[in-house]
Amino acid sequence: MSGRGVWLRARARLRRFPTALAACGDQAAAYGRCVAAAAAGPAELRRDMCLEEFRALRECFARAVRPCPG
């Protein structure tokens, strides 16, 4: 059994990443600001601190890479 198909699918997803990131710049910036603000404080980063921003970014990525109906 070959892992070639797995690598081909992974490369195809990675090729779409720049387009998705360009389409989701606002969400990516909001998530980055949240993480930077959380890391700059005296407290340590905690899980789910920026969950709302992360979910918005993830949903935007999903919409950006979804094939257009038609």
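Contact here means heavy atoms within 4.5 Å. The legends below describe close-up views of a predicted model.

**View 1. Cys-60 and its contacts in the predicted model.** Cys-60 is found in helix α3. Its partners include no residues up to four places away in sequence, which are left out of the count. Beyond that range, Cys-60 touches Ala-23, Cys-24 and Gln-27. Is Cys-60 buried or exposed? At 7% relative accessibility, Cys-60 is buried, because buried means under 20%. Asp-26 lies 34 residues from Cys-60 along the chain. The C-alpha atoms of Cys-60 and Asp-26 are separated by 9.8 Å. Cys-60 also takes part in the contact of α2 with α3.

**View 2. Helix α2 packed against helix α3.** Two packed helices are described by the angle between their axes and the distance between the axes. Helix α2 covers residues 25-40, and helix α3 covers residues 51-65. Their axes come within 9 Å. The crossing angle is roughly 155°. That angle makes α2 roughly antiparallel to α3, because angles over 145 degrees fall in that class. The crossing of α2 past α3 is left-handed. Which residues of α2 make the contact? They are Gln-27, Ala-28, Ala-30, Tyr-31 and Cys-34. From α3 come Glu-53, Phe-54, Ala-56, Leu-57, Cys-60 and Arg-63. By class, the residues of this contact are 8 nonpolar, 1 polar and 2 charged.

**View 3. The aromatic pair of Tyr-31 and Phe-54.** A pair of aromatic rings is described by the distance of the centres and the angle of the planes. The structure holds 2 aromatic pairs. One of them joins Tyr-31 and Phe-54. The ring centres are 5.7 Å apart. The planes stand at 55° to each other, and the pair is tilted. Tyr-31 sits in helix α2 and Phe-54 in helix α3. The two residues are 23 residues apart, so the pair links distant parts of the chain. Tyr-31 has a relative accessible area of 27% and is partly exposed. Phe-54 is partly exposed too, at 35% relative accessibility. Both residues belong to the contact of α2 with α3.

**View 4. Helix α1 packed against helix α3.** Helix α1 covers residues 4-23. The axes of α1 and α3 are 9 Å apart. The helices pack at an angle of about 120°. What does this angle make α1 relative to α3? It makes α1 oblique to α3. The crossing of α1 past α3 is right-handed.

**View 5. Phe-17 in helix α1.** Phe-17 lies in helix α1. At 40% relative accessibility, Phe-17 counts as partly exposed. How many residues separate Phe-17 and Arg-47 in sequence? They are 30 residues apart. In space, Phe-17 and Arg-47 are 25 Å apart, C-alpha to C-alpha.

**View 6. Asp-48 in the loop between α2 and α3.** Asp-48 is placed in the loop between α2 and α3. Its phi is positive, at about 70°. Asp-48 is not a glycine. Relative accessibility is 49% at Asp-48, so this residue counts as partly exposed.

**View 7. Ala-39 in helix α2.** Ala-39 has its place in helix α2. Ala-39 is partly exposed, with 48% relative accessibility. Cys-50 is 11 residues from Ala-39 along the chain. The C-alpha atoms of Ala-39 and Cys-50 are separated by 11 Å.

**View 8. Ala-62 in helix α3.** Ala-62 lies in helix α3. Is Ala-62 buried or partly exposed? At 33% relative accessibility, Ala-62 counts as partly exposed. Ala-62 and Cys-24 are 38 residues apart in sequence. Their C-alpha atoms are 10 Å apart in space.

Definitions and conventions: Residues are numbered from 1 along each chain as its sequence is written. This is a predicted model: local features need pLDDT of at least 70, side-chain atom pairs count only at pLDDT 80 or more; totals for chains, interfaces and linings use all residues. Side-chain values use heavy atoms; hydrogens and water are left out. Axes are lines fitted to C-alpha atoms, for helices over the stretch in contact, and angles run from 0 to 180 degrees between N-to-C directions. Helices (H or I, at least four residues) and strands (E, at least two) are DSSP runs, numbered from the N terminus. Angles under 35 degrees count as roughly parallel, over 145 as roughly antiparallel, 65 to 115 as roughly perpendicular and the rest as oblique. A crossing is left-handed if the near helix is turned anticlockwise from the far one by less than a right angle, and right-handed if clockwise. Ala, Val, Leu, Ile, Met, Phe, Trp, Tyr, Cys and Pro count as nonpolar, Asp, Glu, Lys and Arg as charged, and the others, Gly among them, as polar. Buried means under 20% relative accessible area, exposed over 50%, partly exposed in between (1.4 Å probe, protein chains only). Rings of Phe, Tyr and Trp (its six-membered ring) pair if their centres lie within 6.5 Å; planes under 30 degrees apart count as stacked, over 60 as edge-to-face and the rest as tilted.
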